[in-house]
Amino acid sequence: MFELPPLPYEKTALAPFLSEETLTFHHDKHFNAYVTTLNSLIKDTPYAELSLEEIIRKAAAEDNKPIFNNAGQVFNHDFYFKCLGPAHKEGEGDACPLDGCALKKMVGETFGGREKFWESLVKAATGNFGSGWTWLVQENGKLEILNYSNADSPVRDRPSATPLLCIDVWEHAYYIDYRNDRKKYVEQMLQHVNWVQVASRVS
Ligand SMILES: [Fe+2]
């Protein structure tokens, strides 16, 4: 059985990027609902013995949409909330978060620098039609930005890739604070990504 992971920061820590109200609804209501629904769906089934990633792949293979969707959303939301943190200090955006690490080197090689990297993330996330997730993954020393719909993720179709970052582009992630302005939400999110955490996932 799965438990709702607590937020790794206070609900007021991300304001004004994300308000306490948004985090309360998104974490305590939406995320919690996926956890409790998943638990009720897998109870007393062979799924109950598996890891979250195994559940996602098994449900995809068996076309069990309710379990796939709820397990996917549990994985995605846990990953998303752990990607975030308080705002970078003035001037940190170019230096501190990526300095001297393997992620910075790959950002340079793949995108030609931090600015184009962020532009690519914003473009992908704003162009991801409907509800879904924009992921940054690493495989064989290269970075890729991938768009997925609904509850889908690279866990299903790219098991050998390492997920580094995800952006929740469901409206419930930003509508209270940004209404329909997804682009502004994504731009603000990049200022509140815990890049040290993201860089630590590089293998
Ligand atoms: Fe969400």
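**Exercise 1.** At what angle do helix 2 (residues 52–61) and helix 3 (residues 65–83) pack, and how far apart are their axes?

*Solution.* Helix 2 and helix 3 pack at an angle of about 150°, and their axes are 9 Å apart. Helices (H or I, at least four residues) and strands (E, at least two) are DSSP runs, numbered from the N terminus. Axes are lines fitted to C-alpha atoms, for helices over the stretch in contact, and angles run from 0 to 180 degrees between N-to-C directions.

The structure is a predicted model, in which local features need pLDDT of at least 70 and side-chain atom pairs count only at pLDDT 80 or more, while totals for chains, interfaces and linings use all residues. Residues are numbered from 1 along each chain as its sequence is written.

Next, classify the angle. Under 35 degrees counts as roughly parallel, over 145 as roughly antiparallel, 65 to 115 as roughly perpendicular, and the rest as oblique. Helix 2 and helix 3 are therefore roughly antiparallel to each other.

Then take the handedness. The crossing of helix 2 and helix 3 is left-handed (the near helix is turned anticlockwise from the far one by less than a right angle; clockwise would be right-handed).

Last, list the contact residues. Helix 2 contributes Leu52, Ile55, Ile56, Ala59 and Ala60, and helix 3 contributes Ile67, Phe68, Ala71, Gly72, Val74 and Phe75. Two residues are in contact if their C-beta atoms, placed from the backbone, lie within 7 Å. By class, this contact of helix 2 with helix 3 has 10 nonpolar, one polar and no charged residues. Ala, Val, Leu, Ile, Met, Phe, Trp, Tyr, Cys and Pro count as nonpolar, Asp, Glu, Lys and Arg as charged, and the others, Gly among them, as polar.

**Exercise 2.** Describe how helix 1 (residues 20–42) packs with helix 3.

*Solution.* The angle is about 140° and the axes are 9 Å apart. Helix 1 and helix 3 are therefore oblique to each other. Helix 1 passes helix 3 in a left-handed crossing. Residues of helix 1 in the contact include His27, Phe31 and Tyr34, and those of helix 3 include Pro66, Ile67 and Asn70. By class, the contact of helix 1 with helix 3 has 11 nonpolar, five polar and no charged residues.

**Exercise 3.** What is the strand order of the open sheet?

*Solution.* The sheet has three strands in the order 2-1-3, with antiparallel pairing. Strand 2 (142–149) and strand 3 (162–168) are the edge strands, each pairing on one side only. Two strands pair if DSSP finds at least two bridges between them.

Now count the bridges. Strand 1 (residues 132–139) is joined to strand 3 by six bridges, and Trp135 has Cys166 as its bridge partner in strand 3. Eight bridges join strand 1 to strand 2, where the partner of Val137 is Glu144. Strand 1 and strand 2 form a hairpin with two residues between them, and Asn140 in the turn has a positive phi of about 50°.

**Exercise 4.** Is Ala124 buried, partly exposed or exposed?

*Solution.* Ala124 is found in helix 5 (residues 114–127). A residue is buried if 20 or more other C-beta atoms lie within 10 Å of its own, exposed if 12 or fewer, and partly exposed in between, with C-beta atoms placed from the backbone. Ala124 has 18 such atoms within 10 Å, so Ala124 is partly exposed. By contrast, seven of the eight residues of strand 1 are buried. Ala124 touches Thr134, Ile145 and Asn147, not counting residues up to four places away in sequence.
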